[in-house]
Amino acid sequence: MSAAQNSVVPTLLVKVFGKDRPGITAGLFETLTAYRVDVVDIEQVVIRGRMVLCALITQPPGGQEGDLRAAVHSWAGSMKMEAEILSGTGDNRPRGSGRSIVTVLGNPLTAESTASIASRITATGGNIDRIFRLAKYPVTAVEFAVSGVETAPLRTALATEAAALGVDIAVVSAGLHRRAQRLVVMDVDSTLIQDEVIELFAAHAGCEEKVAEVTAAAMRGELDFEQSLHARVALLEGLDASVVEKVRSEVRLTPGARTLVRTLKRLGYQVGVVSGGFTQVTDDLRERLGLDFAQANTLEIVDGRLTGRVIGEVVDRAGKARLLRRFAAEAGVPLAQTVAIGDGANDLDMLNTAGLGVAFNAKPVVREAAHTAVNVPFLDTVLYLLGISREEVEAADGGLAEH
Ligand SMILES: [Mg+2]
């Protein structure tokens with residue numbers, strides 16, 4: 001423990017501001033070396049080419065503070081930087097208990113939204129310790145480290161603000177577990193892909209409208225999923241099996257889906273999908289995207305035609321949560337370190353079983369029940385909720401050859 005952690009020890013806060021150029025940080029500390037001071041804390045930010053460098057240092061021994069001040073100002077002047085030196089005591093105020101990470105996704109992020117979010121954080125008793133931009137593409141993503149308030153009330157307060165402002169705000173408790181998340185399981189229809197697969201099949205069978213009505217009712221939670229699945233699949237009876245290949249080629253990935261999966265894989269995550277749709281499509285997606293796990297219902301095909309039945313265990317709302325547990329067990333990842341993403345009522349058990357459940361452009365009933373919601377149509381924004389910045393995503397892409 002250094003002397004400066006004692007709150008009565010005198011310390012100096014040195015702030016240097018100006019145009020960023022190579023050698024500023026080295027130059028400041030070389031100037032300070034002559035005064036035999038210790039470094040208590042350093043923070044440096046560069047924004048649009050301007051640098052702010054703050055160093056908290058111990059008081060120099062032997063009454064040399066005046067000389068140190070003169071030396072720092074003289075060096076800063078020679079670098080065309082401004083310097084400010086404030087006397088005080090001790091280290092930073094200890095951060096309050098109850099630490100959370102608040103991630104804001106704005107498209108765009110306005111000054112008005114930022115003001116509302118910051119004042120709402122303050123109103124809950126929270127203090128903003130740090131702010132960091134994670135991304136400017138495809139949305140502006142900013143992370144606030146907040147202390148002094150428990151995560152749950154902060155999440156509730158900011159959920160109201162998010163709805164009013166039309167921005168996405170995710171609140172998770174800070175800590176090592178956030179960086180330890182190691183398995184991501186996604187729903188497929190209207191999450192990983194933009195389509196509802198049964199509707200693609202229905203288009204080939206000429207029963208789109210009938211199927212769409214049943215799907216919508218099921219997603220709103222008005223119908224038992226298993227009954228609705230059987231009713232819809234029955235409408236496909238007699239369809240030629242060659243349609244499977246056509247449907248595979250019609251599936252449209254959600255924007256950002258490839259980036260999300262590729263980045264997670266490079267970071268060592270395991271990635272899976274669970275779907276109330278069909279293995280005839282999810283197996284193909286597993287192959288194309290290099291997924292670790294995929295499970296769905298299987299359309300029965302006899303003599304080259306769909307029979308209108310599914311075979312095997314039905315993947316419904318409870319089944320999705322069960323599969324998340326199974327994948328987690330197979331991956332050797334505790335449930336607290338899993339992330340689930342989905343949009344429909346049949347994803348709710350899975351979202352609430354995971355360590356972090358993300359409602360992705362979800363129905364209101366799902367959005368309200370999930371830990372966090374993303375309402376921008378880009379799947380890769382989920383990376384920002386995990387604290388992965390756009391720069392890290394792009395660096396990972398640049399660092400490896402594309403095949
Ligand atoms: Mg879905």
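A residue counts as buried if 20 or more other C-beta atoms, placed from the backbone, lie within 10 Å of its own, as exposed if 12 or fewer do, and as partly exposed in between. The views below show a predicted model, in which local features need pLDDT of at least 70 and side-chain atom pairs count only at pLDDT 80 or more, while totals for chains, interfaces and linings use all residues. Residues are numbered from 1 along each chain as its sequence is written.

**View 1. Ala 241 in the loop between helix H8 and helix H9**.
Ala 241 is partly exposed, because 14 other C-beta atoms lie within 10 Å. The loop that holds Ala 241 runs between helix H8 (225-234) and helix H9 (243-250), where helices (H or I, at least four residues) and strands (E, at least two) are DSSP runs numbered from the N terminus. Leaving aside neighbours within four places in sequence, Ala 241 is in contact with Ile 301, Gly 304, Arg 305 and Leu 306, a contact being a pair of residues whose C-beta atoms, placed from the backbone, lie within 7 Å. Ala 241 and Asp 303 are 62 residues apart in sequence, and their C-alpha atoms are 8.8 Å apart in space.

**View 2. The crossing of helix H6 and helix H9**.
Two packed helices are described by the angle between their axes and the distance between the axes. The axes of H6 (residues 197-205) and H9 come within 10 Å and cross at roughly 130°, so H6 is oblique to H9. Axes here are lines fitted to C-alpha atoms, for helices over the stretch in contact, and angles run from 0 to 180 degrees between N-to-C directions; angles under 35 degrees count as roughly parallel, over 145 as roughly antiparallel, 65 to 115 as roughly perpendicular and the rest as oblique. H6 contributes Val 197, Leu 200, Phe 201 and His 204 to the contact, and H9 contributes Val 243, Lys 246, Val 247 and Glu 250. These contact residues of H6 and H9 divide into five nonpolar, one polar and two charged, where Ala, Val, Leu, Ile, Met, Phe, Trp, Tyr, Cys and Pro count as nonpolar, Asp, Glu, Lys and Arg as charged, and the others, Gly among them, as polar.

**View 3. The buried residues of helix H6**.
Val 197, Ile 198, Leu 200, Phe 201 and Ala 202 are the buried residues of H6. They pack against helix H7 (208-219), H8, H9, strand E10 (270-278) and helix H11 (279-289). Just after H6, Gly 206 takes a positive phi of about 70°.

**View 4. Helix H7 packed with helix H8**.
The axes of H7 and H8 are 10 Å apart and the helices pack at an angle of about 170°, which means that H7 is roughly antiparallel to H8. On the H7 side, Val 211, Val 214, Thr 215, Ala 217 and Ala 218 meet Phe 225, Ser 228, Ala 231 and Arg 232 in H8. By class, the residues of this contact of H7 with H8 are six nonpolar, two polar and one charged.

**View 5. Helix H3 beside helix H4**.
Helix H3 (residues 111-123) and helix H4 (residues 151-165) have axes that come within 10 Å and cross at roughly 165°, so H3 is roughly antiparallel to H4. Ser 113, Ser 116, Ile 117 and Arg 120 of H3 make the contact with Ala 157, Leu 158, Glu 161 and Leu 165 of H4. Four nonpolar, two polar and two charged residues form this contact of H3 with H4.

**View 6. Two cis peptide bonds, from Asn 107 to Pro 108** **and from Tyr 137 to Pro 138**.
Most residues other than glycine have a negative phi, and most peptide bonds are trans. The bond from Asn 107 to Pro 108 is cis, with omega near 5°, and Pro 108 lies in the loop between strand E5 (99-106) and H3. The bond from Tyr 137 to Pro 138 is cis, with omega near -5°, and Pro 138 lies in the loop between strand E6 (127-135) and strand E7 (140-147).

**View 7. Positive phi at Arg 36** **and Lys 80**.
Arg 36 is not a glycine, yet has a positive phi of about 50°; its place is in the loop between helix H1 (24-33) and strand E2 (39-47). Arg 36 counts as exposed because it has 11 C-beta neighbours inside 10 Å. Lys 80, also not a glycine, has a positive phi of about 60° and lies in the loop between helix H2 (65-78) and strand E4 (82-89). Lys 80 counts as exposed because it has 9 C-beta neighbours inside 10 Å.

Note on methods: Contact = placed C-beta atoms within 7 Å.
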